[in-house]
Amino acid sequence: QVQLVESGGGLVQAGGSLRLTCAASGRILKLQSMAWFRQAPGKEREFVAAISWIGGNTVYADSVKGRFTISRDNAKKSMYLQMNSLKPEDTANYSCAVLLSGTSEYDYWGQGTQVTVSS
């Protein structure tokens, strides 16, 4: 069983920064990539960023390019999201997900951490 635990959320003023952490535990075989998603109240969940476990290739949603940076620590089985220049529209519950090799949909999800950006 794989567990994902997010941390680092909170309340910040517009223009501020936060760093989210996603810690994975359990037996993870053939990890392909990890990703961050977010969901604001009344809206559908949207993709934020992803990183491949081997090679560290990254991809970002247009809305966060240049402001957010995704990274990972393979030894710690952890992933991070550095969020700078935060905007009120970044307010959402941020969750991480794991994609295993050979699958096309994310296999495991965390519960999420709330990020609130005040104007």
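**Strands, a buried glutamate and a salt-bridge network**

Strand β5, which spans residues 46–52, is mostly covered, with 5 of its 7 residues buried. Here a strand is a DSSP run of E of at least two residues, and strands are numbered from the N terminus. Buried stands for under 20% relative accessible area, exposed for over 50%, and partly exposed for the range in between, using a 1.4 Å probe and protein chains only. The model is a predicted one, in which local features need pLDDT of at least 70 and side-chain atom pairs count only at pLDDT 80 or more, while totals for chains, interfaces and linings use all residues. Residues are numbered from 1 along each chain as its sequence is written, and side-chain values use heavy atoms, with hydrogens and water left out.

Two strands are said to pair if DSSP finds at least two bridges between them. On one hand, β5 is joined to β4 by 6 bridges, and these two strands run antiparallel. Within this pairing, F37 stands opposite F47 of β5. The two strands form a hairpin with 6 residues between them, and G42 in the turn has a positive phi of about 80°. On the other hand, β5 is joined to β6 by 3 bridges, again with an antiparallel run. Here I51 faces T58 in β6 as its opposite residue. A hairpin is formed by this pair too, with 5 residues between β5 and β6, and G55 in its turn has a positive phi of about 105°. As background, strands of a sheet pair through backbone hydrogen bonds, either parallel or antiparallel.

A further set of strands can be followed in the same way. An open sheet of 4 strands is arranged in the order β1-β3-β8-β7, with antiparallel pairing. Its edge strands are β1 and β7, each of which pairs on one side only. Neighbouring strands of this sheet are turned by 15° against each other on average, direction ignored; such angles run from 0 to 180 degrees between N-to-C directions, with axes taken as lines fitted to C-alpha atoms. Strand β1 meets β3 (residues 18–26) in the antiparallel sense over 6 bridges, and V2 stands opposite G26 in β3.

Leaving aside neighbours within four places in sequence, T69 is in contact (heavy atoms within 4.5 Å) with Y60, Y80, L81 and Q82. From T69 to S104 the C-alpha to C-alpha distance is 24 Å, and the two are 35 residues apart in sequence.

In β1, which covers residues 2–7, lies E6. Not counting residues up to four places away in sequence, E6 touches several others, among them T21, W36, Y94 and G110.

Salt bridges do occur elsewhere, and the structure holds 4 of them. In one, R38 pairs with D90, with the closest N and O atoms 2.9 Å apart. R38 lies in β4 (residues 31–39) and D90 in the loop between β8 (78–83) and β9 (92–100), so the pair ties together parts that are 52 residues apart in sequence. R38 counts as buried because its relative accessibility is 6%, and D90 counts as buried at 1%. D90 also meets R67 in a salt bridge of 2.7 Å, N to O. This pair links distant parts of the chain, 23 residues apart, with R67 in the loop between β6 (58–60) and β7 (68–73). Salt bridges that share partners join R38, E46, R67 and D90 into one network. R67 is buried, as is D90. In another salt bridge the side chains of D62 and K65 meet at 3.2 Å, N to O, and D62 counts as exposed at 65% relative accessibility.
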